[in-house]
Amino acid sequence: MIAKLRAGGAGIVLVGLLAFSPFVLDLYGLSVITYILLYGVAAISLQLLWGRGGQLSFGHAAFFGIGAYIYAIFTVKLQVPTPLALLLAITLSALLALIIGYFLFFGGVRAAYFSVITLAIALIANQLAISWTPVTGGNAGLIGVPGLSINVFGLELDFTSPVGGFSLALIVLAVALLVTWLIHFRRLGLIFTAIREDETRAAFMGYRTPAYLTALLVISVSLAALAGAAFSAVSNYAAPDMLGAVLSVEMLTWVAVGGRNFVAGALVGVVVLRLLNIQISTILPTSWPLIVGGFFVLVVLLVPAGLVGTFVRLAKRLRPRRLVPVEES
Amino acid sequence: MTGNMQRRDFIRLAGGLGAAAALSPMLAACATPAAAGGGGSTDGPIKLGFLSALTGLETILGATQYQCFELAVNQINAAGGIAGREITTIKEDNAADSKQTIDKSNKLALSDKVTAVVGLITSIEREAALTVLPKNKVPLLYTTYYEGSYFDAHACDPYYVGLGQVPNQQIDPLVPWLSDNVGSSYYIVGSDYIWPRGTSIRLAELVEDSGGKIVGEQYFPFGTTDFSQVIRDIDSSGADIAWVPLAGTDFLTFLNQYHQFDGKAKLVSIGMDDVFAHENPAAAEGVIASQAYFMSLENDANAKFLKAYANDYGADAPVNAIGVAAYNAPWLIKAAIEEVDGSTDPDKWMPAISKVSLDGPMGVVSVDPTNQNTTQANYIGEVASDGSIPVIEAVQNVTPDVPGCSL
Amino acid sequence: MEVVVSIALNAAFLVSVVALVALGLGVIYGLLGVINMAHGEFVALGAYAAFVVTSSGAPYWLALIVAPAVGMVAGMALQAGLISRLVQRPLDAILVTLGLSLVFQQVFQAVFGPAGLTVPNPAPGTLTILGATFPVFRVVVIVISAIVIVATILFLAKSEFGIVVRAILQNRDAASVNGVNSARYSLLAFGLGAAVAAIAGALIAPSTNVVPYMGATYLAPAFVAVILGGAGRPLGVLLGAAFMGGLEVALTSYIGPTTARALVLILAIIAIRLRPGGLLSEKKDRFA
């Protein structure tokens, strides 16, 4: 119970502190943090599937990018109002996840097999985005994607300015944190943990494990698609590399560096790696991947639980009582 | 039960706080003035941003492009800078990735506040940069030949200058020459994306008008490692010309394999230039190329340029049209800014950029006021066994045609 | 007739290449449970070895010895230095190889530059086989690949090393109880896998452009081929490679290259779903 409140409190404090960003950062800093928050939600969605469900997706950017493209296609090509396009991005992606989950999880596909199939899905999605030019704009992508602006029941919210875009990212993050918090502190979280640790035993206990895994995939994909749609609304752009193998791998590194067993790990990983990437690529524009790749290798070798995981372990060792109000499993 | 109550209250609280936290800055935004354009200052150095692919598959093109840009900046600074002000540069890598391009464009515009950005290779990079730079009033000078306005590409903006060729400039002079010297039936093998598909639309129009024929057309995904089947298809189609708008490494892989299979049709590519020919002269030999620049051009400016380039970057470093356009870019910016008495306000010097012209390594170039692409020469050449590309035919002052763009 | 022959020959070439890459990947995966994400970089290493050999004036054929030797040393060094520390953590080992692939690409670029390098065709000229034109060198590649593949499979099936490897594959715990020093075999397996990948790189080099990032293009199809074939079954991996390479060549001329590539991946997904244990497995084992 205390853990639950602590986790919730930490989330609120985080979102509350972030809300001050526009007052302390310049416009570039604001754009950096906006994208970090959206990548953070993508990382949380991957962490949910990987850390909680034990199913590693090698192609998770596919779902981020599909969210971005659905939002972009419906607004640019079909002139659908932006809030509706956002909802469509989430629901259509969720539907896709339902089909994929039914097809794979009920068929007994797990572990490395699941990873390879998700990679294949990302490759197919990427190729489709490049080749299906009339709909997707081909490799130049879809330009002129409108920012989100809500105008219903007398409520007017405009997210098209730089600060508006940041606010959208912050709300999306708050939603993602709320979803993970609800899952973690419900029976559902325990069931997922049971499935991850020993699926056969969980099945013996009477849980329909494929159904639970499918549900987890749907939630994870919906969050990734939400982040992607918001990304496209903020950047006014949808491009094929938003759903390719490169971003998929990058997402993996975020979660691994931060700590795959912790929601906070996903966020910390994004912050550390994005800031490292931005700084190093300016200082060493022709060889920065060497530094970023080397850093990643060192983290996996030396702190395999990730930055947050290691921190939690150290904190536990120092004090018997649980200290850090982050999700642990 | 108590737990449930607690949680509900908690959510309500969280929701309220979250919404308030998110809304307050939005309200505050109304009071904040809109982003000011960079580079409006009147003294101190003039900052130019360079943004291109310096890591990843396009590295060889981006690296060449940067060296040409750097050479021009050094030469301008040695001769007194722009209106007496020194140029400083900021070099950024976009890894040929849209997200990285957006981030670096934001940095150059909002944090570094550069006067202009030069560079970029692929369409995806150009479009991504255009989502950021014009709205912050930072001009973009794009130096790569590209597909113009095909498929709604949006390279038509007051803060955009296309220094590379558009399809009509590379293809219109080439097709009649091919009809006279090679043949009139074409088989197209391209990479599956917008530049090959867009330029091939233009090709098909011209070929049909001249009574020729496109007998086959195949587009391959990036990273194709084997072209054997399509090489066989070209042979059995009996086409006179294999028209190959393939990108990067895939292009060289194709040339290699075409050579292995001893393909019969004459290879023609609007992507062939000195950089590619230099990588594998044996496979590139005999390919017909059509570009705004070849190293073999004989004029004083080019001789001086090549000498300076070899001096700085090595005698065997090849240069291409993308690079020379990046070399022209700082000179054009200089001429435009000096035309408006040294003002770096983009609303003053950008309109002036179409009033100046430059006699550089590729001949005379000037920016077309209608679509802000570049009027320049086109050269047809054939790759020789040493990888050089002697010019066979030259057409001066070809105006760029960008349908639907009128600024 | 000519069409069929030419498709068969071209498919044989692509399948040989994919099979070589996948075989090395499969040996490592089967034995260590590690999907070597840096496997493509061993292919590139072999290609660069071929470049160094030919540009130093030595005959290309020497590269077919030098490349696997270099690959084997590099693979063993990687296993001994890094992967062996992650014995109980195969997932972390995958992540480490992922980071290493980035590092290797940058090292290649630093040493050899970003420009594509050329390895001259050592056997120029074409043959006419039942009406189809086919380069001599491609015949050489197919023959050498076949020899390497058969040798590797025989080695795994007959040698003491192979027998122990298969024992470990079937039950790692039981094998270690029986006194098998699995660390030594892991070292050999990684070296063998890397050597086969490097041979593939040396064989590919004259037909392509040698660039720092070339490995990535070969990893994905090989990766799918391994999973299709069922981990640790060399014959299955061969079948997986035939599926990936053969279908692509056969379909390309008829439905276009892009659609062919996508369709092959979709068919692979369906095949994995229907036979989670691999193409050669019985239809059981619902939990892989």
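**Chain by chain**

Mentor: Chain C has 11 helices and two strands; helices (H or I, at least four residues) and strands (E, at least two) are DSSP runs, numbered from the N terminus. Keep in mind that this is a predicted model, where local features need pLDDT of at least 70, side-chain atom pairs count only at pLDDT 80 or more, and totals for chains, interfaces and linings use all residues. Residues are numbered from 1 along each chain as its sequence is written, while chains are lettered from A and ligands numbered from 1 in the order in which they are written.

Trainee: In what order do the elements of chain C run from the N terminus on?

Mentor: They go α-α-α-α-β-β-α-α-α-α-α-α-α.

Trainee: And what does the C-alpha trace of chain C span along its principal axes?

Mentor: About 60 × 45 × 35 Å. The radius of gyration of chain C is 19 Å, which agrees with the value near 19 Å for a compact globule with 288 residues. That radius is taken over C-alpha atoms, and the globule rule is 2.2 Å times the number of residues to the power 0.38.

Trainee: OK, chain A next. How many helices and strands are in there?

Mentor: Chain A has 15 helices and four strands. Its C-alpha trace spans about 55 × 50 × 50 Å along the principal axes. With 329 residues, a compact globule would come out near 20 Å in radius of gyration, and chain A agrees at 19 Å.

Trainee: How many residues does each side bring to the contact of chain A with chain C?

Mentor: Chain A puts in 33 residues and chain C 31 residues. Two residues are in contact if their C-beta atoms, placed from the backbone, lie within 7 Å.

Trainee: Which elements of chain A give two or more residues to that side?

Mentor: They are α5 (82-105), α6 (111-131), α10 (199-204), α12 (245-258) and α14 (288-302) of chain A. α6(A) gives the most, with 12 residues. By class, the side of chain A that touches chain C has 23 nonpolar, eight polar and two charged residues. For those classes, Ala, Val, Leu, Ile, Met, Phe, Trp, Tyr, Cys and Pro count as nonpolar, Asp, Glu, Lys and Arg as charged, and the others, Gly among them, as polar.

Trainee: Switching to packing inside chain A: at what angle do the axes of α8(A) and α11(A) cross?

Mentor: Helix α8 (residues 162-184) and helix α11 (residues 209-235) of chain A cross at roughly 175°, and their axes come within 10 Å. Axes are lines fitted to C-alpha atoms, for helices over the stretch in contact, and angles run from 0 to 180 degrees between N-to-C directions. That makes α8(A) roughly antiparallel to α11(A); angles under 35 degrees count as roughly parallel, over 145 as roughly antiparallel, 65 to 115 as roughly perpendicular and the rest as oblique.

Trainee: Which residues make that contact?

Mentor: Among them are G165(A), L168(A) and V172(A) of α8(A), plus I219(A), L223(A) and L226(A) of α11(A). The contact of α8(A) with α11(A) divides into 12 nonpolar, one polar and no charged residues.

Trainee: On to chain B. What's the strand order in the open sheet?

Mentor: The five strands of chain B go β2-β1-β3-β4-β5, with parallel pairing. Two strands pair if DSSP finds at least two bridges between them. β2 and β5 (160-162) of chain B stand at the edges with a single partner strand each, so one side of each has no neighbour in the sheet. From one strand to the next, the twist averages 20°.

Trainee: How many bridges do β1(B) and β2(B) pair over?

Mentor: Seven, with β1 at residues 46-52 and β2 at residues 87-93 of chain B, in the parallel sense. F50(B) stands opposite K91(B) in β2(B).

Trainee: And which helix lies across β1, β2, β3 and β4 of chain B?

Mentor: Helix α13 (residues 321-339) of chain B, running at about 160° to β3(B).
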